[in-house]
Amino acid sequence: MEIVRTVRDLLRKRDVEVWTIGPEDTVYQALQVMADKNVGALPVLEGEKLIGIFSERDYARKVILHGRSSKELLVKEIMSSRVAYVRPNQTIDDCMALMTNLKIRHLPVLEGAKLVGMISMRDVVEDIISEQDFIIEQLVNYIQNERSPVPPPTPSNEGCVCLG
């Protein structure tokens with residue numbers, strides 16, 4: 001069982017394409033991509049530059065609740081422009097802390113200024129569970145080996161005549 005501990009390792013393990021959207025695309029187009037690709041958020045790129053993130057939460061809170069139309073509204077009008085992100089060398093624990101503190105479920109991964117991946121709370125939780133399963137397995141093996149039956153004694157030399 002492989003234990004993933006950095007964002008880079010997690011991305012390497014998943015090897016999943018990152019789906020993006022542009023700021024001039026409509027909210028409806030973004031929703032179509034999200035539905036087709038079964039993702040809950042899309043990084044918003046202007047060229048190669050990450051300028052925002054569009055999530056299901058943005059849609060629910062900024063479109064539906066305000067009676068706006070997703071077919072005319074542009075992504076840039078409702079995207080979250082303050083984007084929390086991580087670097088590939090950061091730990092999974094760093095991601096969990098950041099997501100928990102900011103109450104977010106998706107983190108773009110940047111190497112320099114380039115978007116190289118996207119991780120979700122699900123990815124982080126699955127990795128943490130995998131690590132805990134591995135630790136439990138190791139502890140069980142350790143305990144079982146410690147409590148294994150004592151091997152039978154070797155025959156003693158009592159009652160034997162040793163010729164010397």
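The second largest pocket of this predicted model holds about 350 Å³ of space. Fourteen residues line this pocket, and Ile53, Ser80, Arg82, Ile104 and His106 are the closest to its centre. A pocket here is an open set of points on a 1 Å grid over the protein atoms alone, where a 1.4 Å probe fits, with protein on both sides within 12 Å along at least five of seven lines; lining residues have an atom within 4 Å of a point. Its volume is the space filled by probe spheres set on the points, which are joined across faces, edges and corners.

The largest pocket is lined by 20 residues, with Arg14, Asn38, Val39, Gly40 and Ser120 nearest its centre. At least two lining residues come from each of β1 (41-46), β4 (114-120) and α6 (121-146).

| Pocket | Volume | Lining by class |
|---|---|---|
| Largest pocket | about 470 Å³ | ten nonpolar, four polar, six charged residues |
| Second largest pocket | about 350 Å³ | six nonpolar, three polar, five charged residues |

Strands β3 (residues 106-111) and β4 run antiparallel and are joined by six bridges, where pairing requires at least two bridges found by DSSP. Another bridge links Leu110 to Leu115 of β4. Two residues lie between the strands of this hairpin, in which Gly112 has a positive phi near 70°. Both strands are mostly covered, with five of six residues buried in β3 and five of seven in β4. Buried means under 20% relative accessible area (1.4 Å probe, protein chains only).

Helix α5 (residues 92-102) has Ile92, Cys95 and Met99 as its buried residues. They lie on the same side of α5 because they cover an arc of only 55° around the axis, taken from the directions from the helix axis to the C-beta atoms. Lys103 follows α5 and has a positive phi near 55°. Helices (H or I, at least four residues) and strands (E, at least two) are DSSP runs numbered from the N terminus.

Residues are numbered from 1 along each chain as its sequence is written, and side-chain values use heavy atoms, without hydrogens and water. Local features need pLDDT of at least 70 and side-chain atom pairs count only at pLDDT 80 or more, whereas totals for chains, interfaces and linings use all residues.

Terms used: Buried < 20%, exposed > 50% of the residue type's maximum accessible area, 1.4 Å probe, protein only. Nonpolar A, V, L, I, M, F, W, Y, C, P; charged D, E, K, R; others polar.
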